[in-house]
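This report is meant for a reader who is meeting the structure for the first time. Please keep the sequence and the model in view while reading the sections that follow.

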Amino acid sequence: LQHPHIMQAGASARERLKAAAARAWEVARADVVARQGTLSAGEHIASYADFATAAAGITLAEEPAIKTPAQWWLLGKPTPRVDVAVKVDGSAQYSIDTRIDGMVYAAVKCCPVPWGGLKRYDAKAIKRRKGIIAVVELQAVDGKTGAADMQNGIAVVADSWYRAKTALDLLPIEWDFGPAKAVSTASQAAEAARLFAVTGEVSNAIGGDAMGIIAAAGKAVTADYHRPYETHARMEPINATVSVTDERVDVWSPAQDQSVPLKLVADQLQRDPREVYVHTAFIGGAFGGGGGGRTGVTRQAAEISRQVGRPVQVIWAREEDVMQDKQRPPVHTRLTAALGENGLPEAFFSRAVWFTHEGAKRHGPATADYSISTMPYSVANRRHERHNVAAHIPTATHRAPGANQNGFIIEQFVDEMALAGGWDPLEWRLQMTQGLERWQRVLLKLKEVSGFTTDLPRGEGMGLAIVEDHNSICGACATVTVSRRGQLVVDKVVIVMNSGYVINPLNSAEQLEGSVCWELSHALYGGLDLKGGRFENYNFDTYNLMRIHQRPEVEVHFALSQDGWWGGMGEPGGPPTPPAVANAIYFATGKRVRSTPIRKHDLSWS
């Protein structure tokens with residue numbers, strides 16, 4: 001959405017620079033050429049920087065028109081990313097690579113049940129171990145329960161992270177799990193089942209009495225769906241490095257917005273924000289939630305550095321990373337549709353229940369029924385409801401917030417409605433999006449390039465899905481193979497993207513391929529299991545993610561409207577992929593997978 005504004009700013013800067021140069025060189029502005037950071041006119045030549053100050057004082061009679069796609073000379077061309085070389089050769093510096101003279105390392109454990117307490121610990125048990133510098137108690141602040149606030153815990157500081165982590169594992173700690181220890185995946189499912197019978201907050205309503213039409217319908221389709229807690233599991237473990245001195249505070253934190261660690265550290269230390277300096281580094285995966293630095297780790301590093309008087313690097317072990325991360329909230333959804341004589345839905349109802357920290361109604365654009373209540377399909381009578389249930393687990397956005405989990409739900413239920421009404425799933429979507437150019441363009445292109453068919457041998461299947469995210473429309477067609485014993489292979493995913501325009505086709509395709517693998521990985525193998533108020537699967541032996549040999553072939557196509565609107569590119573490839581795979585599994589096996597992780601389902605067939 002920002003592209004036209006950015007382009008307008010660039011065009012304005014270009015003309016102001018030309019005007020400043022023309023004034024200095026005493027030539028016509030039309031004679032000044034601006035290209036690749038250089039201004040020139042005849043024998044005159046200078047850099048943009050040479051005239052930046054003067055250009056800032058120029059007022060144009062009118063703002064220049066931005067270039068049309070036909071005038072682009074660089075945009076629209078496949079261009080390699082500038083960071084590829086340093087990431088390939090290992091010279092790229094991430095927050096976790098920070099090294100400062102005198103720096104020490106800290107390993108941290110907080111109460112495994114978020115917002116639980118610390119009863120006691122025995123620092124004497126490890127104080128004589130080699131390299132141990134200090135044991136620091138971390139204390140939550142009453143009433144401060146934000147996702148980036150301090151939790152109750154213990155930090156062991158040493159001259160190496162290995163020594164700190166080893167000593168921490170040997171440290172006797174007794175926790176107070178508090179009342180949240182009664183919460184589990186099962187208890188939340190039971191609460192969702194109860195709330196399915198309770199009227200919720202109406203998020204969208206269209207037409208007449210959808211509920212009455214459904215109750216009187218001769219044919220109705222209903223199904224319950226579920227997506228569990230999901231963690232980010234970034235490649236770079238959550239970490240932060242902070243150096244506190246009397247004069248200034250220096251911070252290295254893998255956050256998507258540098259202002260966030262600055263404010264967190266200033267608040268933790270009660271320092272003037274002007275004394276806090278945030279150093280930008282590469283980030284080893286963010287995928288929502290503001291990045292790993294937007295958790296309690298940045299406060300921890302600041303507090304520990306203040307107490308020990310030295311620069312400190314805090315690294316969360318993967319177990320801590322998963323248990324204390326800000327998770328994607330779980331959602332339970334019941335959907336019902338009444339079908340008319342033509343097999344198409346005449347009324348539609350959904351009731352969603354999601355569990356968020358302190359009952360948050362929204363994480364970014366994500367709500368309990370985002371992508372469901374906003375679905376494009378032309379059902380005359382609709383009613384969408386949701387319940388926001390308070391939970392103790394910190395929650396936040398994940399890549400393609402809301403559309404990621406709810407796309408899996410609505411786009412499978414679309415197939416259920418289509419098949420119950422005797423429709424081909426692709427033709428159903430084309431019929432139900434008539435008049436919506438952006439959606440039709442994607443579906444027609446998907447029909448052209450995917451070879452979608454429901455007529456494949458048993459054990460083979462193709463499935464479709466289409467989801468809107470970040471103002472872009474993305475469709476997916478997945479091809480799967482399922483053995484008689486239920487072994488699943490996702491062979492191929494065809495992606496069709498309509499983002500209005502594309503700036504860099506190469507980078508765009510890479511983003512789409514990456515987002516396909518990201519969301520498919522969590523849908524196939526992820527899913528956090530909550531028991532006793534804490535997560536039970538907190539490392540890659542039990543929270544599995546896709547390995548490289550499991551990656552499907554991903555084929556990317558663009559079907560661009562190019563009629564004045566812009567969409568995002570980095571996230572929309574994810575949401576349609578899991579429902580497309582699940583729909584393909586249905587055609588291969590006859591089994592409908594209504595929850596994730598898909599690996600937990602018996603897909604065997606005979």
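Which kind of contact do the side chains of Lys-119 and Glu-174 meet in? In this model, which is predicted, the side chains of Lys-119 and Glu-174 come together in a salt bridge, with 3.8 Å from N to O. Lys-119 belongs to strand 5 (residues 117-121) and Glu-174 to strand 8 (residues 173-176), so the pair ties together parts that lie 55 residues apart in sequence.

Lys-119 has a relative accessibility of 47% and therefore counts as partly exposed. Glu-174, at 32% relative accessibility, counts as partly exposed.

## Other salt bridges

A search of the whole structure finds 40 salt bridges. One of the salt bridges joins the side chains of Asp-169 and Lys-165, at 2.6 Å from N to O. Because Asp-169 and Lys-165 are four residues apart in helix 4 (residues 161-170), about one helical turn separates them. Asp-169 counts as partly exposed, its relative accessibility being 40%.

A further salt bridge is formed by the side chains of Asp-529 and Lys-600, with an N to O distance of 2.9 Å. This pair links distant parts of the chain, 71 residues apart, since Asp-529 sits in the loop between helix 13 (505-525) and strand 21 (530-531), while Lys-600 sits in the segment after helix 14 (577-589). Asp-529 is partly exposed, with a relative accessible area of 25%, and Lys-600 counts as partly exposed at 48% relative accessibility. Elsewhere, salt bridges link Arg-14, Glu-15, Lys-18 and Arg-29 in a network.

## How helix 10 meets helix 11

Helix 10 (residues 403-420) packs with helix 11 (residues 425-432) at an angle of about 100°, and their axes are 9 Å apart. Angles of 65 to 115 degrees count as roughly perpendicular, and helix 10 and helix 11 are therefore roughly perpendicular to each other.

From helix 10, the residues Glu-411, Val-414, Asp-415, Met-417, Ala-418 and Leu-419 take part in the contact, and they meet Pro-425, Trp-428 and Arg-429 of helix 11. Sorted by class, the contact of helix 10 with helix 11 has six nonpolar residues, three charged residues and no polar ones.

## Asp-415, a buried residue of helix 10

Is Asp-415 buried or exposed? Asp-415, which lies in helix 10, has a relative accessibility of 1% and therefore counts as buried. The side chain of Asp-415 makes a polar contact of 2.9 Å with the side chain of Arg-429, and both residues are among those that meet where helix 10 and helix 11 come into contact.

When neighbours within four places in sequence are left aside, Asp-415 is in contact with Pro-425, Arg-429, Leu-464, Asn-583, Phe-587 and Arg-592.

## Arg-194 in helix 5

Arg-194 has its place in helix 5 (residues 185-195). The side chains of Arg-194 and Glu-191 are joined by a polar contact of 2.8 Å. At 46% relative accessibility, Arg-194 counts as partly exposed, whereas Asp-415 counts as buried.

Conventions:
Residues numbered from 1 in each chain as written. Predicted model: local features only at pLDDT ≥ 70, side-chain atom pairs only at ≥ 80, totals over all residues. Heavy atoms only, no water. Axes fitted to C-alpha atoms, helices over the stretch in contact; angles between N-to-C directions. Helix = DSSP H or I, 4+ residues; strand = E, 2+ residues; numbered from the N terminus. Parallel < 35°, antiparallel > 145°, perpendicular 65-115°, else oblique. Contact = heavy atoms within 4.5 Å. Nonpolar A, V, L, I, M, F, W, Y, C, P; charged D, E, K, R; others polar. Salt bridge = Lys/Arg side-chain N within 4 Å of Asp/Glu carboxyl O. Buried < 20%, exposed > 50% of the residue type's maximum accessible area, 1.4 Å probe, protein only. Polar contact = N/O pair within 3.5 Å; in protein donor to acceptor, adjacent residues only side chain to side chain.
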